[in-house]
Amino acid sequence: MKPPQNKYRLCLPRLLLVGLAAAFLLVSEVRAWEVVNYQDRDYVTLASLADFYGFRHEVNDKHLWLRGGNFVIKGVANSRDLFINQIKFVLSYPILPKGRDHLVSRLDLCKLIDPVIRPHFIKDASPFTTVVVDPGHGGEDPGSKGVYGHEKEYTLRLARQLRVRLEGEGFKVVMTRDEDKYLSLPERMGIANRIENSIFISLHFNYGSKGISGIETFALSPDATRSPKERSRDPEQETLQGNQLDAENIALATAVHVSVIKKLRAVDRGIKRASWAVLKWSEKPAILFEGGFITDKEESRKIADVRHRERLASAITDAIVNFRDALTLR
Ligand SMILES: [Zn+2]
């Protein structure tokens, strides 16, 4: 049972290969991704990607669609924005036009698209029983100043509401702080990383200029642990090193973001990548959730409303339950 070299080198860390080989076998014999190297980076043609997943593939000028199963994926040439079932994701690299086809970076395919479409294929994901909830800021660090109060107050209130909901679903909950006190980032992550079988959710509220509102969810940049210099020296290793939790991070970010956007009909500012300390230093699957702009008059009014925060807590809890179920669906 020797899998085709080409496909298996595409994205999965080597540790996963053996475990996944059997599951992939039927598909792999007839389908493979076509890899194109461009400017020292590996890309996959959209046509072969569509073929692999059994999706229909349509291109109309700069716009492209993949449709199949429960998914509609929409992208635009030369843009980093990708919509999966109308939820906005920001890719690491733009989609490139290539003749009548398009190229998607192998990194984005392996670290974003595939784990979102097939979270149950995240093979070595460890089951979790505890959720570490991190209310952003605190004490002498008030966070953003909103219309009705400071960020640190609302992150703590939401965290406490979320704790009740999660405990109701049978999770253990550890809070990095349960009072108005300052914690350095190493202190926060020291608390979080000590907890076995856990995931980590950092709660924040956003600030911005007038008229900006909506939800953003961040997962660690998939190549954050390597400098651009290192990456250019050894582009082939791009997806084989770095954060081993990339797939879980993006799947968790997607679960939470989608749940909140759909249930609260919130403005979708996208699932994004960042290299912030809480994401980079986490040894567990981690996301940073920005639950709205406290600088926006309308949104800050909602954030100050306990019922709105209950809905946020409920949507996040549903997502965590779904994420747990997705990982255990084998
Ligand atoms: Zn913040």
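Two strands count as paired if DSSP finds at least two bridges between them. On that basis, this predicted model contains an open sheet of four strands in the order S1-S2-S9-S8, paired in the antiparallel sense. The model also holds a zinc ion with His137, Glu151 and His204 as its donor residues.

**Sheet**
- The edges of the sheet are strand S1 (35-38) and strand S8 (96-98), each of which pairs on one side only.
- Neighbouring strands of this sheet are turned by 40° against each other on average, direction ignored.
- Three bridges join S8 to strand S9 (residues 101-105) in the antiparallel sense, and Lys98 stands opposite Asp101 in S9.

**Helices on the sheet**
- Helix H3 (residues 46-53) packs on the sheet, where it touches strand S2 (41-45) and S9, and its direction makes about 60° with that of S2.
- Helix H4 (residues 106-117) lies across S2 and S9 and runs at about 65° to S9.

**Zinc site**
- The zinc ion is coordinated by NE2 of His137, OE of Glu151 and ND1 of His204, at 2.1 to 2.2 Å.
- The spacing of these donor residues in sequence is H-x13-E-x52-H.
- His137 lies in the loop between strand S10 (130-135) and helix H5 (151-168), while Glu151 is in helix H5, so the pair ties together parts that are 14 residues apart in sequence.
- Both His137 and Glu151 are buried.

**Helix H6**
- Arg188, Met189, Ile191, Ala192 and Asn193 are buried in helix H6 (residues 185-193).
- The cover over the buried residues of H6 includes S10, strand S11 (172-175), strand S12 (198-206) and helix H9 (277-280).

Definitions and conventions: Residues are numbered from 1 along each chain as its sequence is written. This is a predicted model: local features need pLDDT of at least 70, side-chain atom pairs count only at pLDDT 80 or more; totals for chains, interfaces and linings use all residues. Side-chain values use heavy atoms; hydrogens and water are left out. Donors are N, O and S atoms within 2.8 Å of the metal (3.2 Å for Na, K and Ca); water is not among the atoms, so sites may look incomplete. Helices (H or I, at least four residues) and strands (E, at least two) are DSSP runs, numbered from the N terminus. Buried means under 20% relative accessible area, exposed over 50%, partly exposed in between (1.4 Å probe, protein chains only). Contact means heavy atoms within 4.5 Å. Axes are lines fitted to C-alpha atoms, for helices over the stretch in contact, and angles run from 0 to 180 degrees between N-to-C directions.
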